[in-house]
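Q: I'd like to learn how to read a model like this one, feature by feature. Can you walk me through it?

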Amino acid sequence: MLFVKTQEPDAYARAAEVLHSGGLVAFPTETVYGLGADAENDAAVARIFAVKGRPSFNPLIVHVPSLEAAQRYGEFTPLAKALAKAFWPGPLTLVLRRTEGCPVSLLASAGLETVALRFPAHPEARALLDVFGRGIAAPSANRSGRISPTQATHVKQEYAGMVQTPDLLLDGASCTLGLESTIVDVTGEVPILLRPGSITRDMLKSLAPQVHDPVGTNIQAPGMLASHYAPDLPLRLDATEIWHGEALLAFGRHVPPAAVTLNLSPSGDLTEAAANLFAHLRALDRPGLRGIAAMPIPSQGLGQAINDRLRRAAAPRMD
Ligand code: TXA
Ligand code: MG
């Protein structure tokens, strides 16, 4: 991991270069340090999950350099626009419907039709976003299950001795808020407060007459909230042969013959498989087929998250 102080003259250019080449940059925001990747690059986003050691694919927050940039990614309802006008740049994340042809990685959306967007206020985060020029997908920079880092030294400690680390740490000011952003789902008429934060319910209420809580979900685990992308077709796991009319979601070199096949990673690379997972599932989920057969995926590293998601997608439907 390279350590680059934000005062160094070419700090932002170097960090943006790492992002452009598919690498990961840890950077300060006003809430916590983020672990960022080019939001439009599936493989780069997959590396975030690998480096964090996340056992499942939560959707990620995409940081944007401006409201205009946000409008390329998300459909702004009047309510969304009003909240953005009032609280951006700042510690507010808006969950919006993805625009048609939205270039944000489907993995960053965890396969959902929505995207979470945030225009941060921290000057160093903004400088990085301005130089990079497009969205940066970034969860908090801690490893999975650990405390969010609010100083560059926390990030250093977090990855000391780890094999997989961010490529570059933008060593800047401490995070002033120390609490992750407020997350509000604004895809409907009434905003839903998915995660409380520094933009409080009362502040939201100054713009929206009602603010709902997520129904039947645990706010402690907001990532589980809307995470059940399931294909319309039945999905069969650990398939070693193909049944009549099934499409094959393959993995690795040794693939049984099928009428329609998409391979998550012919070379058996789990990061590549994660990067392709949602796009391939969607591409196979189409009329004229009877089901999708998924080959076994090894359960090490990112394989755990891939299998978690496949199991959810294969689970019996509630509706
Ligand atoms: O303050 C913050 O928000 C920090 C800094 C780095 O910006 N980021 C952060 O990211 O806290 P993370 O990955 O720890 O939290 C992301 C959460 C997910 O767990 C999920 O709850 C929510 O954002 N989220 C993201 N996309 C969503 C979506 N499409 N629908 C619902 N929730 C979403
Ligand atoms: Mg976090």
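A: Let's start with burial: a residue is buried under 20% relative accessible area, exposed over 50%, and partly exposed in between (1.4 Å probe, protein chains only). His63 has 4% relative accessibility, so it counts as buried. Keep in mind that this is a predicted model, where local features need pLDDT of at least 70, side-chain atom pairs count only at pLDDT 80 or more, and totals for chains, interfaces and linings use all residues. Residues are numbered from 1 along each chain as its sequence is written, chains are lettered from A and ligands numbered from 1 in the order in which they are written, and side-chain values use heavy atoms, with hydrogens and water left out.

Q: Where does His63 lie, and which residues is His63 in contact with?

A: His63 lies in strand β4; strands (E, at least two residues) and helices (H or I, at least four) are DSSP runs, numbered from the N terminus. Contact means heavy atoms within 4.5 Å. Leaving aside neighbours within four places in sequence, His63 is in contact with Arg118, Pro120, Leu129, Arg134, Gly135, Ile136 and Ala138.

Q: Which atoms lie at polar-contact distance from the His63 side chain?

A: A polar contact is a pair of N or O atoms within 3.5 Å; within protein, one must be able to donate a hydrogen and the other to accept it, and residues adjacent in sequence count only if both atoms are side-chain atoms. For His63, a side-chain N or O atom is 2.6 Å from an oxygen atom of ligand 1. A polar atom of that side chain also lies 3.4 Å from the backbone oxygen of Ile61.

Q: What makes up the shell around ligand 1?

A: Count Ala, Val, Leu, Ile, Met, Phe, Trp, Tyr, Cys and Pro as nonpolar, Asp, Glu, Lys and Arg as charged, and the others, Gly among them, as polar. On that basis the shell has 12 nonpolar, eight polar and four charged residues. Strand β7 gives the most to it, with three residues.

Q: Is helix α2 mostly covered or mostly open?

A: Mostly covered: eight of the 11 residues in α2 (residues 42–52) are buried. The buried residues of α2 pack against β3 (34–38), β8 (136–137), α6 (152–159), α8 and α9 (302–314). At the N-terminal end, Asn41 caps α2, with a side-chain oxygen 3.0 Å from the backbone nitrogen of Ala43. After α2 comes Gly53, whose phi is positive, near 70°.

Q: Which residues have the most contacts inside the largest nonpolar core?

A: A nonpolar core is a set of buried Ala, Val, Leu, Ile, Met, Phe, Trp, Tyr and Cys residues joined through side-chain atoms within 4.5 Å. The largest one here has 77 residues, and Phe57, Phe76, Trp88 and Leu117 have the most contacts inside it. Helix α8 (residues 270–284) supplies the largest share of this core, eight residues.

Q: And Leu179: where does Leu179 lie?

A: Leu179 sits in the loop between β9 (168–171) and β10 (182–185). With a relative accessible area of 42%, Leu179 is partly exposed.
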